[in-house]
Amino acid sequence: MTAQTNHLLTVSNLSMRYNKHVQALSGVSFQIGTGECLGVVGQSGSGKSTLARLLLRLDQPDEGEMMLLGQPLHKLKGEALRQWRRHVQIVFQDPAAALNPRLSIYQSVMEPLNNYPQVTPVFLRDIRHSPREMAERLLSMVGLPPEWLNRKPHQLSGGQKQRVAIARGISLQPDLLICDEPTASLDVSVQAQILNLLKDLQEQLGMSYLFISHDIAAVRFMSNRILVMKEGQLVEQFDADQLLAAERHPYTQQLVQAVTA
Amino acid sequence: MGFDGMLTSGKMGMNKRKSERTSTGTKTTPAERNIPPVLQIDDLSIHTRADSSGKRLVRNLNLTIQPGEMVALIGESGSGKSVTASAVTGLLPAPLSMSGGRILFQGRDTATLTSPERRAMLGKEISVVFQDYAGSFTPFIKIGKQLIEMIRRHMGWNKTTARVLATQALEQVELAAERVMDSYLFQLSGGQQQRVAIAAALMLEPDLLIADEPTTALDTLTGETILQLIDSLRHKTKCAVLFISHDLHHVIKRADRIAVMYGGEIVESGPTDVLVREARHPYTRFLLQSRMDLADVPARLQSIPGEPGAVSACGCPFALRCPVRIARCDSEAVPEMMVSDGHTARCHLIGEAQGDLGAAEITRTS
């Protein structure tokens with residue numbers, strides 16, 4: 001791929017091993033454009049979540065580079081790293097585990113903004129003086145009634161909890177939102193609602209997504225481009241509308257066949 | 001099998017008179033009519049309390065499964081799928097109780113079983129594969145030992161014979177039998193663990209396998225192989241399968257018949273191909289529409305209107321979310337109505353304004 005100026009994230013030759021025997025990621029390279037959704041599909045153990053952990057700098061890569069907005073994400077340390085963290089946020093698979101059961105929805109949603117007091121997203125700028133109003137707006141952006149701020153996670157259904165997690169994910173207006181299997185623990189009908197919401201927010205806020213899932217149908221719906229992974233390696237990457245093309249890798253075709261009758 | 005005498009004995013007093021009316025949804029071909037169903041659930045109701053005062057989780061459920069048949073029970077979380085399965089195995093968690101109806105397994109009312117009889121039945125005649133595959137085994141005992149123990153418990157065989165059967169069972173699910181026998185659970189991947197669970201469930205050749213969301217915790221490809229496995233083994237052993245899932249897409253490929261649950265009721269049931277072509281209940285239609293198509297990707301997905309899990313207290317359970325409901329739906333309970341041979345649905349709009357229930361109508365109003 002030729003170098004383009006509008007690339008938000010450029011990952012080159014990323015490798016990571018957990019121990020001598022587990023090569024979680026080997027030589028993975030890709031780019032994410034501004035406002036683009038890159039889908040990552042693969043089986044359990046293919047390295048999808050490792051990739052997310054590296055991009056969040058929860059783990060350190062053994063080799064390779066991650067350039068976010070021209071900054072070397074893999075080299076950042078200390079306060080510089082902390083400042084860059086707000087550009088990359090995540091929505092996890094299990095919203096029940098992602099939310100602290102003892103915190104109210106208000107506390108959970110406002111946590112990122114409290115951590116970065118100098119950050120005010122565009123969509124909250126007019127009400128930045130009032131934390132309460134900011135939290136209310138975040139909830140309404142994800143389709144929840146603002147009155148629910150005082151509730152605790154156990155009073156919400158799985159889909160509603162995931163909406164709270166998304167509200168928190170967008171609260172700093174990150175450049176990149178990583179969605180790691182965001183619908184895998186939800187009912188089919190709720191999955192559709194959450195995917196629609198993620199798409200609405202992406203268009204509204206111009207964020208880029210890294211959308212990780214083993215569900216190729218969900219990845220196809222969400223993504224502009226798709227990256228197929230297997231055993232830590234990149235099988236292939238292609239434009240999403242080329243998913244059913246004849247030249248697809250046999251492994252990709254296998255993934256497609258598993259969901260078509 | 002001489003279970004017929006059991007029909008009239010035992011705790012029949014608790015059954016409502018209505019249970020005389022067997023399911024209208026189970027018309028079978030003449031050839032099949034002679035074979036008694038493996039499982040017959042008549043008019044089953046389950047409440048959260050023994051005296052029927054609590055919340056009703058399952059109401060007036062009718063379902064039959066023939067030998068070798070795979071019947072899928074689908075619906076969203078809390079629709080009563082797993083609770084129904086627990087009632088079949090007699091393992092309803094403490095405060096829940098059967099408040100009406102009866103469950104016949106091989107013609108025998110399961111309510112009349114003593115606990116030793118039930119223990120002998122579970123694992124041998126009825127097996128269950130759970131979503132949480134890790135929970136099926138003890139983590140600190142080797143797989144082989146657990147399988148052998150299970151065989152010896154049910155069959156009374158010696159260790160050597162039991163080991164042969166356990167090895168065969170693991171080979172059937174395409175695992176390296178010797179290595180797996182000598183492994184602890186944590187040494188296997190999720191897909192392998194679920195295969196071992198299926199091997200354990202099928203090695204004593206049960207008459208009924210209950211597969212409760214067997215692939216939900218697995219990725220697509222692994223899940224697909226697990227389903228293929230269950231499918232091929234049921235053809236081989238003529239084992240009937242009750243396949244519980246929340247994903248219509250998964251079951252269409254495998255099941256002979258589908259029963260769709262909403263709010264504790266089977267709102268529609270029928271042969272898979274008929275249901276896919278001619279679904280009549282709005283909820284079933286929504287489920288069918290929510291399947292994603294890889295070739296034709298819409299700007300936004302079709303989702304089911306209303307709050308998931310919202311169940312109307314009287315009338316049709318789906319009334320609160322249904323875009324085509326009429327006044328009667330909120331108040332009058334819906335009887336099970338026959339749409340065609342083997343295809344039943346509970347919707348007031350059947351037989352009245354059938355044309356209005358078209359897909360276009362639902363799309364427009366949602």
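**A guided reading**

Author: Let us begin with a pair of strands. In this predicted model, strand 1 (residues 7-17) of chain A and strand 2 of chain A run antiparallel and are joined by seven bridges. These strands form a hairpin, with five residues between them. One of the pairings links A:L9 to its bridge partner A:I32 in strand 2 of chain A.

Reader: How many residues of strand 2 of chain A are buried?

Author: A general idea comes before the case. In a regular strand, side chains alternate between the two faces of the sheet. Here, strand 2 (residues 23-33) of chain A is mostly covered, with eight of its eleven residues buried.

Reader: Let us turn to chain B. How many helices and strands are there in chain B?

Author: Chain B holds 13 helices and twelve strands. Of its 366 residues, 54% are buried. Among the contacts in chain B with a separation of 6 or more, 67% come from residues 24 or more positions apart.

Reader: In what order do the eight strands of the open sheet in chain B lie?

Author: The order in chain B is 6-7-8-3-9-10-12-11, and the pairing is mixed. At the edges are strand 6 (126-129) and strand 11 (337-340) of chain B, each of which pairs on one side only. On average, neighbouring strands of this sheet are turned by 20 degrees against each other, direction ignored.

Reader: In which sense do strand 3 and strand 9 of chain B pair?

Author: Strand 3 (residues 70-74) and strand 9 (residues 257-262) of chain B pair in the parallel sense, over four bridges. Within this pairing, B:A72 has B:I258 of strand 9 of chain B as its bridge partner. Helix 11 (residues 282-289) of chain B packs on the sheet and touches strand 3, strand 9 and strand 10 (265-271) of chain B. The direction of helix 11 of chain B makes about 110 degrees with that of strand 9 of chain B.

Reader: Which strands does helix 7 of chain B lie across?

Author: Helix 7 (residues 190-202) of chain B lies across strand 6 and strand 7 (208-212) of chain B. The angle between helix 7 and strand 6 of chain B is about 175 degrees.

Reader: Why is helix 2 of chain B described as largely enclosed by the rest of the structure?

Author: The description rests on burial, which here means a relative accessible area under 20%. Helix 2 (residues 81-89) of chain B is largely enclosed because eight of its nine residues are buried. Among them are B:K81, B:V83 and B:T84. Helix 2 of chain B is followed by B:G90, whose phi is positive, near 75 degrees.

Reader: Is A:E231 buried or exposed?

Author: A:E231 is exposed, with a relative accessible area of 59%. A:R57, by contrast, is buried, at 14%.

Reader: How is the interface of the two chains read?

Author: The size of an interface is often given as the accessible area lost when the parts come together. Chain B and chain A bury about 2700 Å² between them, 59% of it on carbon and sulfur atoms. On the side of chain B, B:L221, B:L294 and B:R300 supply 28% of the area buried against chain A, more than any other three residues. The contact takes 28 residues from chain B and 34 residues from chain A.

Reader: How many salt bridges does the rule find across the interface of chain B and chain A?

Author: The rule finds two salt bridges across this interface. In a salt bridge, the side chains of B:R300 and A:D200 meet at 2.6 Å, N to O. Between chain B and chain A, 13 residue pairs are in polar contact. Helix 8 (220-237) and helix 9 (248-254) of chain B are the elements that give two or more residues to the side of chain B that touches chain A. Helix 8 of chain B gives the most, with four residues.

Note on methods. Residues are numbered from 1 along each chain as its sequence is written. Chains are lettered from A and ligands numbered from 1 in the order in which they are written. This is a predicted model: local features need pLDDT of at least 70, side-chain atom pairs count only at pLDDT 80 or more; totals for chains, interfaces and linings use all residues. Side-chain values use heavy atoms; hydrogens and water are left out. Two strands pair if DSSP finds at least two bridges between them. Axes are lines fitted to C-alpha atoms, for helices over the stretch in contact, and angles run from 0 to 180 degrees between N-to-C directions. Contact means heavy atoms within 4.5 Å. Buried means under 20% relative accessible area, exposed over 50%, partly exposed in between (1.4 Å probe, protein chains only). Buried area is the accessible area (1.4 Å probe) that two parts lose on being put together, summed over both. A salt bridge is a side-chain nitrogen of Lys or Arg within 4 Å of a carboxyl oxygen of Asp or Glu. A polar contact is a pair of N or O atoms within 3.5 Å; within protein, one must be able to donate a hydrogen and the other to accept it, and residues adjacent in sequence count only if both atoms are side-chain atoms.
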